[in-house]
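Please read the points beside the sequence and the coordinates.

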Amino acid sequence: MAMNQSLKRIIISRCGITEATWQESEKLADTRNINVCDILVQKKLVSELQFLECAGECYDIPVWPDLPISQDTLFGGEALSRRIPIQFLKNHVLVPLKFRAEAALKTMDAEGSDHQVVIAVHDPSAFQPVDDLIKLLEIREFKLVLSPRAVILSAITLSYDRNLDSDEDLVQTLEDDSAMQIQDLEVTADLLDDTSEAPIIRLVNQIITRSIRARASDIHIEPYQDSLKIRYRVDGILYDLLTPPKWMQPALISRIKVMSRLDIAEKRLPQDGRMNIRIGSQEIDIRISTIPTAFGERVVLRLLNKSGSLLTLTELGISPPQRELLEKVTAFPNGIFLITGPTGSGKTTTLYAILSAINKPAINIITIEDPVEYQLKGISQIQVNPKIDLTFARGLRSIVRQDPDVILVGEIRDKETADIAVQSALTGHLVFSTLHTNDAASAITRLVDIGVEPFLISSSVIAVAAQRLIRVLCEHCKEPYIPTETVLNSMGLTLDMLQGPVYQAKGCPACFHTGYRGRTSIFEMMVMDSGLKNLILKTYDSSRIKQEALRKHMVTLGEDGVEKVLNGITTFEEVLRVTQSIA
């Protein structure tokens, strides 16, 4: 592609590119039919910001490394979604933003301006797409700026995400034409790119999109005798999302089945499937489960954002003393480390954080999971597959022959898996796994119940951690208050013990009026010392094991929760909600 000679001279002089390198990149650009500057950026000979600064100097266009994205600056109503296809903006990497005529632009540009529209572009030579855009949007005056590709694409996604019709509008569209033809189409790569006019398809796409925007972990489609309810789980709590009319149920469920390649004709048996979708820059893995009920099929979609980065031990919310204890235990050369808690308590996330922390080239780490939730770089991960008899036990038996240093078993469910895990620990491997028990001490009782001998447990288990997830107070609306004596007594506290303010949830638009935004963990760590090992040989009563651990200053889940309340992170009610079943 032709290159502005002035821009070429500026890039060569400012970025130290040789003529030979330029010509080589130019040939490669011609074969791919792209700009030579894109080749230089891809080969990391020039940074994207350096290219933008050179282009800005050549074309006299200001460079904005970041775009001020807000509800005020995004185009509203139907201005974009009805007039401009999202793919047009993505293909040409440009986005329009609007500003108030006053000081909004002056904060970004020393020159100041009365222009109300800013068009951010990545390629300053793309004159025709800009002309098309201003004609379609009927823009009279505008200011052109240069911005990085990822920043512009993110702004495009946010603009179209905001302009989606409301769920109720789509339901109304369907109700107005109940005899309409329902189309079953394959899911597109990006749900925001799906411009299908079939309202049922748009409704399903929108339900998923809005759930992801709300940081939901699950979507529930629940049929009842005369109604259909759609709910989503945010920070562990279910909220109502939509109540479409009952007649929409077959079409809605069929659409989801088509997307996940399930058998739409089979309504009598449970089915499991999965699909991968993309919403803007986010990669979402969705697992679908259907079960037959008296009033139709019930569907649950588990949402897993693969674009989210893995949390570190520091980000998990584990207190410094507990984290120090955890780091000491994970440095052991062999033994079993168990994490316990109910489904959805963050056990796998914690194990992934531990593996990431100890992952080094000198260590061979192999996992067997059901399912593999995140891809861990440098770690071999095996997916359980019961259809071909690849169970935890069978996979673990094969893993041991792969010369591993560290093994992660997704869950110990039966005696066979437990026995192989114990033998692996006794023969020099460090084994991580999970159990479903209420607290750390109950894990010992559970292992004996499965069929593991107490002397093997005391020889192999090096520590047990219990974990729960509690909601974090919204920073925008949390407010201080004085708790009642009843609440304080239930937590083993008095007013005199409160060193600072205690907060309660209020609710605001930032947290969807729940008072909470995000979650953190509370932790209970029981390290197996000689006293506990000797006790296990005599008894596996969880209450006596817990008493011995408390005598050795173990911090319980409740105590860790109270510490987070006193630090202004969460509320007493939230700690009681997740710990009141553990007494």
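1. Helix α20 covers residues 557–566, and its residues Leu557, Asp560, Gly561, Val562, Lys564 and Val565 are buried. Buried denotes under 20% relative accessible area, exposed over 50%, and partly exposed in between, with a 1.4 Å probe and protein chains only. Helices (H or I, at least four residues) and strands (E, at least two) are DSSP runs, numbered from the N terminus. The cover over the buried residues of α20 includes α11 (320–330), β15 (461–473), β17 (502–504), β18 (516–527) and α21 (572–579). After α20 comes Gly568, with a positive phi near 80 degrees.

2. On provenance, this is a predicted model, in which local features need pLDDT of at least 70 and side-chain atom pairs count only at pLDDT 80 or more, while totals for chains, interfaces and linings use all residues. Residues are numbered from 1 along each chain as its sequence is written, and side-chain values use heavy atoms, with hydrogens and water left out.

3. Strand β14 (residues 430–435) is largely enclosed by the rest of the structure, because 6 of its 6 residues are buried. Leu430, Phe432 and Thr434 point one way from the strand, whereas Val431, Ser433 and Leu435 point the other way.

4. Pro124 lies in the loop between β2 (117–121) and α6 (127–136). Pro124 counts as buried because its relative accessibility is 3%. Leaving aside residues up to four places away in sequence, Pro124 touches Phe51, Ala55, Tyr59, Ile61 and Leu146; contact means heavy atoms within 4.5 Å. The C-alpha atoms of Pro124 and Leu144 are 8.7 Å apart, with the two residues 20 apart in sequence.

5. Pro371 belongs to the loop between β11 (365–369) and β12 (380–383).

6. Two residues other than glycine have positive phi: Val93, at about 50 degrees, and Arg261, near 60 degrees. Are they buried or exposed? Val93, in the loop between α5 (86–92) and β1 (94–98), is buried, with a relative accessible area of 5%. Arg261, in the loop between α10 (249–259) and β7 (271–279), is exposed, with a relative accessible area of 63%.

7. How many disulfides does the structure contain? A search of the whole structure finds 0, where a disulfide is a pair of cysteine sulfur atoms within 2.5 Å. For Cys508, the closest cysteine sulfur is in Cys477, at 3.7 Å, which is too far for a bond. Cys508 is buried, with a relative accessible area of 11%. Cys54 likewise counts as buried, at 1% relative accessibility.
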